[in-house]
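Subject: Structure handover

Hello,

Here is the structure I promised to pass on. Please open it beside this email and follow along.

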Amino acid sequence: MPKRKLDPLPSAAFNILLALAGEDLHGYAIMRQVEQQTCGRVRLGPGTLYGSLRTLLEANFIKELEASSDSDDSSERRRYYRLTSAGLKLVRSEVEGLAQTLRIARAKRILRGADV
Amino acid sequence: MSEKLYALLLKLYPSHFRRTYGDEALRLVRNRARDEKGFVSGLRLWLDLLVDLAISLPREYCKAPTTPIAAAEPVNGDPSFQLLAEGSVNPSLLFLGGLLSAVLFWACVTSVARSRTFPSLFRDPHSLQWLVQSDLALARSPSEDAPVGAYSFCMIANRDIPINSVQPLFVFYFAPPGASGVALIDGKIVKIFKNEQHLSIRADVFAGDHQFAVHLDKPAENTSMSRNDDFEFCPPK
């Protein structure tokens, strides 16, 4: 069986895919979304963010949309990124894997607290 | 300010990254600097940027696309090249290149060492030892112009001995008309003497091993030698 691209999926790439699962975002918005969904633990720097975006683009997990004017600064045109079906499949698979891990952790009573 | 500094750092990235994402990266920094004001936030921003730089920079160079090319059909009579593939350099080729470089470097060093340029340094270990142990002013090849009558031995000081110690470190007795030359401790000159029959050597010496040497300008008959009680000869190796 051929090795899947981005296997294992790097944390930055996973967080980017997860951020794009809801909506199309530009680079800065992706960074903010990742920061929010990780409770501030992950703040992607430009090198990591755009390096990961390029890798995901090359692997066809995301696609770049036509550059469009930003609402708060019409002089700047930003690139937006959208999750592809392959990307959605990949992030779903990763999340399912994490969910399975979480179930095991719960069964072993490793986690405490109402939110888990 | 942050943006300008980051623009400089961005130059460290490979050109393909800068071409594709340079503007976006700068805009991201600009937006973060705009949204995260204050000393702590600014500090955190720069910490993030520097960590990101350290992590992503090597990765980008590893991923840098290479463009292997091959000769193609001439276009209008001019030589042309054709792009075959894009991808990173094969690691085995990198290893082979490194190995060849190491072999070449070793060959160069060996050939220089064996050349006639530095014969006294590399062919004769005694010459090298001479240079190390003596001051450069005295570094004459023993085979060419060695001082006659050199005494050299290793001694162990059992404690620190100051220069004003009651007992001198050594006393050499020479037959008339005496001896002239230099005395060295660990390669440093401690005394220059001329026509001395009763040569007394004093110096500050720390506890431990020391190499003593006395070089005479011309032969002299050494009748006896005494040493400080806190000295012992090094055990033979």
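This is a predicted model: local features need pLDDT of at least 70, side-chain atom pairs count only at pLDDT 80 or more; totals for chains, interfaces and linings use all residues.

Is Glu36(B) buried or exposed?

**Chain B as a whole**

Start with chain B. This chain has seven helices and 10 strands. Of its 237 residues, 30% are buried. Its accessible surface comes to about 15,500 Å². Carbon and sulfur atoms hold 62% of that surface. Now take the contacts in chain B between residues at least 6 apart in sequence. Among these, 65% join residues at least 24 apart.

**Where the chains meet**

Next, the contact between the two chains. Chain B brings 25 residues to the contact, and chain A brings 23. Together they bury about 2,100 Å². Of that area, 45% is on carbon and sulfur atoms. Three residues stand out on the chain B side: Tyr21(B), Glu24(B) and Leu28(B). They supply 31% of the area that chain B buries against chain A, more than any other three residues.

There are polar links here too. The interface has 11 residue pairs in polar contact, with both residues at pLDDT 80 or more. Two helices of chain B, α2 (15-35) and α3 (39-63), each supply at least two residues of the side that touches chain A. Helix α2(B) gives the most to that side, with 14 residues.

**Salt bridges**

Over all chains, the structure holds 13 salt bridges. Three salt bridges run between chain B and chain A.

Back to the opening question. Glu36(B) is buried, because its relative accessible area is 8% and the cut-off for buried is under 20%. Its salt-bridge partner is Arg32(A), with the closest N and O atoms 2.7 Å apart. This pair crosses between chains. Arg32(A) sits in helix α2 of chain A, while Glu36(B) sits in the loop between α2 and α3 of chain B. Arg32(A) has a relative accessible area of 23%, so Arg32(A) is partly exposed.

Now look at Glu60(B) and Arg54(A). Their side chains meet in a salt bridge at 3.1 Å, N to O. Glu60(B) lies in helix α3 of chain B and Arg54(A) in helix α3 of chain A, so this pair also joins two chains. Both residues are buried.

Another salt bridge stays within chain B. The side chains of Arg27(B) and Glu24(B) meet at 3.4 Å, N to O. These residues are three apart in helix α2 of chain B, so about one helical turn separates them. Arg27(B) is at 10% relative accessibility, so Arg27(B) counts as buried. Glu24(B) is buried as well, with a relative accessible area of 7%.

Some salt bridges share partners. They join Arg32(A), Glu35(A), Arg43(A), Arg32(B), Glu36(B), Arg44(B) and Asp48(B) into one network.

**A closer look at Arg32(B)**

One member of that network, Arg32(B), deserves a visit. Find Arg32(B) in helix α2 of chain B. Why does Arg32(B) count as buried? Because its relative accessibility is 1%, and buried means under 20%. Leave out residues up to four places away in sequence. Arg32(B) then touches Tyr28(A), Met31(A), Arg32(A) and Arg43(A) in chain A, plus Leu45(B) and Asp48(B) in chain B.

**A loop residue in chain A**

Move to Thr38(A). This residue lies in the loop between α2 (27-37) and α3 (46-58) of chain A. Thr38(A) is at 5% relative accessibility, so Thr38(A) counts as buried. Which backbone oxygens does its side chain reach? One belongs to Val34(A), at 2.8 Å. Another belongs to Glu35(A), at 3.3 Å. Thr38(A) and Asn15(A) are 23 residues apart in sequence. In space they are 8.4 Å apart, C-alpha to C-alpha.

**A nonpolar patch**

Last stop: the surface of chain B. Leu93(B), Phe95(B), Leu96(B), Leu99(B), Leu100(B) and Val103(B) make a nonpolar surface patch of about 630 Å². Val103(B) belongs to helix α4 (residues 91-114) of chain B. At 49% relative accessibility, Val103(B) counts as partly exposed, because exposed means over 50%.

Best wishes

Technical notes
Residues are numbered from 1 along each chain as its sequence is written. Chains are lettered from A and ligands numbered from 1 in the order in which they are written. Side-chain values use heavy atoms; hydrogens and water are left out. Patches are made of residues with over 30% relative accessible area and no salt bridge: like charges are joined within 9 Å, nonpolar side chains (Val, Leu, Ile, Met, Phe, Trp, Tyr) within 5 Å. Accessible areas come from the Shrake-Rupley method with a 1.4 Å probe; for residues, only the protein chains shown count as cover. A salt bridge is a side-chain nitrogen of Lys or Arg within 4 Å of a carboxyl oxygen of Asp or Glu. Helices (H or I, at least four residues) and strands (E, at least two) are DSSP runs, numbered from the N terminus. Buried means under 20% relative accessible area, exposed over 50%, partly exposed in between (1.4 Å probe, protein chains only). Contact means heavy atoms within 4.5 Å. Buried area is the accessible area (1.4 Å probe) that two parts lose on being put together, summed over both. A polar contact is a pair of N or O atoms within 3.5 Å; within protein, one must be able to donate a hydrogen and the other to accept it, and residues adjacent in sequence count only if both atoms are side-chain atoms.
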